[in-house]
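The sequence and the structure are shown first.

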Amino acid sequence: MLSYQRGQITASQFKVLLCSLYEIYKVLEEELDRNSSHPAVAPIYFPQELARLDSLEKDLEHFLGPDWERSVVVPTATFQYTQRLRQIGQESPTLLVAHAYTRYLGDLSGGQVLGKITQKSLGLTSKQGLSFFSFPAVTSANRFKQLYRSRMNGIELTEEERVAVLDEAVAAFEFNIRVFDDLQKMLSVAAGTDPPTSTTFTLSPIVQLTVGLCVTMATIGMGMYAL
């Protein structure tokens, strides 16, 4: 999970992370925009409050310069994630709810903490380059998350659709973990250090706990839990 688990991140790590996030949000927001009137998407469609693409473009220009688009690298796991987003946006827009919840509310929940870690680790004296972590249109993160979950609970789904969205939420968390793992391996190769030799998808105890809690939150948020 890069170095965020240790409370730090390097400039190289943050730059490639921004590139991956840009590619992910570019596709996610294109598909949300295209399906904004879909019955399952419309209730949780908040482009003014949540859209991240413009913020990511500002951050990439800050760190990579005006020609940043030429420098964007798309690792394999990131590409696979975007392909999945594109597929469900075209074939099953209801499943976009799982990915929107995972990404947006995850970033909204942890944005301030990760922003401070990044600023301290990179020795930044201002908030320039950290736009991604800021949600200026959200005056209260807690109240907004309550509104978001309330909107999710109001989405009318069949039992089959509810199960599919829950399964997609689990897949979304796994996609995000693979993205971080892929970036770490890529940076290890670039630095001349040995990347992990195992190709098996494994999670550290901390990540396992995080994923478990997030999946539980997604389950409750979608009203899929059983009493």
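The chain contains eight helices and zero strands. Its pattern along the sequence is accordingly α-α-α-α-α-α-α-α. The model is a predicted one.

**Overall figures**

Of the 227 residues in the chain, 44% count as buried. The accessible surface amounts to about 12,000 Å², and carbon and sulfur atoms account for 52% of that surface. When contacts between residues at least 6 apart in sequence are considered, 82% of them join residues at least 24 apart.

Helix H4 covers residues 76–91. With 16 residues, H4 reaches 22 Å from its first C-alpha to its last, close to the 22 Å expected at 1.5 Å a residue. The buried residues in H4 are Ala77, Thr78, Tyr81, Thr82, Leu85, Ile88 and Gly89. Seen down the axis of H4, these buried residues fall within an arc of 135°, so they line one face of the helix. The face turned away from that buried side carries Thr76, Gln90 and Glu91, which are exposed.

Helix H6 covers residues 141–153 and has 13 residues. Phe144, Lys145, Tyr148 and Met152 are the buried residues of H6. Because they cover an arc of only 100° around the axis, they lie on the same side of H6. Asn142, Arg143 and Gln146 are exposed on the other side of the helix.

**The nonpolar core**

The largest nonpolar core comprises 53 residues, and Phe14, Tyr104 and Tyr148 have the most contacts inside it. The elements that give two or more residues to this core are H1, helix H3 (53–64), H4, helix H5 (96–122), H6 and H7. H1 supplies the largest share, twelve residues.

Leaving aside neighbours within four places in sequence, Tyr148 is in contact with Ile44, Phe46, Leu50, Ala100, Tyr101 and Leu105.

**Individual residues**

Glu168 is located in helix H7, which runs over residues 159–191. Is Glu168 buried or exposed? Its relative accessible area is 5%, and Glu168 is therefore buried, the cut-off being under 20%. The side chain of Glu168 makes a polar contact with the side chain of His99 at 2.7 Å. Not counting residues up to four places away in sequence, Glu168 touches Arg84, Ile88, Leu95, Ala98 and His99. One of these, Ile88, also belongs to the buried residues of H4.

Tyr22 lies in helix H1, residues 11–34. At 7% relative accessibility, Tyr22 counts as buried. Apart from neighbours within four places in sequence, Tyr22 is in contact with Leu53, Leu56, Glu57, Leu60, Trp68 and Glu69.

His62 is found in helix H3. Its relative accessibility is 37%, so His62 counts as partly exposed. With neighbours within four places in sequence set aside, His62 is in contact with Gln128 and Gly129.

Pro47 is part of helix H2, residues 47–50. Since its relative accessibility is 36%, Pro47 counts as partly exposed.

| Residue pair | Separation along the chain | C-alpha to C-alpha distance |
|---|---|---|
| Tyr22 and Asp54 | 32 residues | 9.2 Å |
| Pro47 and Glu29 | 18 residues | 8.3 Å |
| His62 and Gln128 | 66 residues | 7.2 Å |

For His62, the partner in the table, Gln128, is also one of its contacts.

Conventions: Residues numbered from 1 in each chain as written. Predicted model: local features only at pLDDT ≥ 70, side-chain atom pairs only at ≥ 80, totals over all residues. Heavy atoms only, no water. Helix = DSSP H or I, 4+ residues; strand = E, 2+ residues; numbered from the N terminus. Buried < 20%, exposed > 50% of the residue type's maximum accessible area, 1.4 Å probe, protein only. Polar contact = N/O pair within 3.5 Å; in protein donor to acceptor, adjacent residues only side chain to side chain. Contact = heavy atoms within 4.5 Å. Areas by Shrake-Rupley, 256 points an atom, 1.4 Å probe, with all protein chains shown as cover. Expected span 1.5 Å × (residues − 1). Arc of directions from axis to C-beta. Core = buried A, V, L, I, M, F, W, Y, C linked by side-chain atoms within 4.5 Å.
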